[in-house]
Amino acid sequence: MEKWNNIYSTFDPVAFSLFGINVHWYGIMYVLALLVALLVAKWIAKKDSYPIPNTLLESYFLWVEIGVILGARLGYILFYDPFASYYLTHPWQIFNPFDKEGNFVGIRGMSYHGAVIGFLIASLAFARVKKANFWLFIDLAGLSIPLGYVFGRIGNFLNQELIGRETSSALGIYVDSTLRHPSQLYEAFLEGIIVFIILLLWRKKASFVGQIGILYGVLYSLMRFVAEFFREPDSQLGFIAFDWLTQGQLLSLLIGGFCLALLFKPHTKSKNG
């Protein structure tokens with residue numbers, strides 16, 4: 001296990017350089033996450049006979065990807081960044097990939113909960129413009145997002161960010177000489193693989209259109225709440241209440257509670273409704 005424990009001391013988060021710009025493994029994993037989610041959505045749509053043309057599905061993913069990127073970045077600034085006021089008064093800096101010295105550093109700081117909000121806004125806009133069934137697409141997204149999410153968390157792990165809390169476990173990873181939980185991989189397993197398996201097995205039992213998508217919100221929030229106990233609280237925030245509650249747990253409670261409430265408001269039972 002020694003090589004595993006010390007993997008960060010030998011692993012380079014930069015995959016390669018292209019025209020002087022470093023391409024990180026995180027960026028590659030993000031692209032893979034999108035592609036995997038799209039492929040899973042196409043597979044499920046075909047397997048379960050969703051009345052969604054392939055071109056419309058691809059268009060939907062383009063819409064929501066824009067919503068996810070905008071929501072994730074703005075969500076991080078609003079929920080986590082201590083310099084939120086600066087970005088809100090200098091909005092052109094929000095997506096500036098260069099530091100003050102002009103070096104390319106990429107866009108850092110993304111919030112999954114912000115991404116969820118951006119995703120929902122984009123989905124609502126798409127459904128209105130395309131006159132599509134919002135809940136039908138939400139169901140398909142709920143089934144396709146989890147496996148894509150796995151690659152996103154692997155990207156966090158390879159990028160050596162969102163580190164775990166201190167541990168004495170043999171699974172621990174040394175981060176600056178401190179043994180810590182590989183919490184990013186815990187999240188990939190809990191919030192990605194486990195959620196996907198549950199929803200895949202449950203999908204045939206869904207009693208109304210939208211239930212799978214709503215259940216995704218509930219299950220993700222539950223798994224994220226648990227995983228946060230192994231993840232180091234954000235240094236700029238620490239614990240926000242009770243000496244144990246993190247910002248991620250609070251946001252998960254809010255989104256999970258909202259999704260639970262939606263479960264009591266059924267929609268049409270037919271995919272064609």
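I began with Phe 137, which counts as buried at 4% relative accessibility (buried: under 20% relative accessible area, 1.4 Å probe, protein chains only). I note that the model is predicted, that local features need pLDDT of at least 70 and side-chain atom pairs pLDDT 80 or more, whereas totals for chains, interfaces and linings use all residues. Residues are numbered from 1 along each chain as its sequence is written, and side-chain values use heavy atoms, without hydrogens and water.

I then looked up the aromatic pairs and found 20 in the structure (ring centres of Phe, Tyr or the six-membered ring of Trp within 6.5 Å; planes under 30 degrees apart are stacked, over 60 edge-to-face, the rest tilted). Tyr 60 and Phe 137 form a tilted pair, with 4.7 Å from centre to centre and 50° between the planes. Tyr 60 belongs to helix H4 (residues 54-79) and Phe 137 to helix H7 (residues 134-158), so their pair ties together parts 77 residues apart in sequence (helices: DSSP runs of H or I, at least four residues, numbered from the N terminus). I recorded Tyr 60 as buried too, at 2% relative accessibility.

Next I examined Tyr 76 and Tyr 80, whose pair is stacked because the ring centres are 5.9 Å apart and the planes stand at 25°. Tyr 76 counts as buried at 19% relative accessibility, and Tyr 80 is buried with a relative accessible area of 6%.

Returning to Phe 137, I found that this residue forms one aromatic cluster with Tyr 60, Phe 61, Trp 63 and Phe 126.

Finally, I checked Arg 73: its charged end sits over the ring of Tyr 87, 5.3 Å from the centre (CZ of Arg or NZ of Lys within 6 Å of the ring centre and within 35 degrees of the ring normal).

Methods:
Helices (H or I, at least four residues) and strands (E, at least two) are DSSP runs, numbered from the N terminus. Buried means under 20% relative accessible area, exposed over 50%, partly exposed in between (1.4 Å probe, protein chains only).
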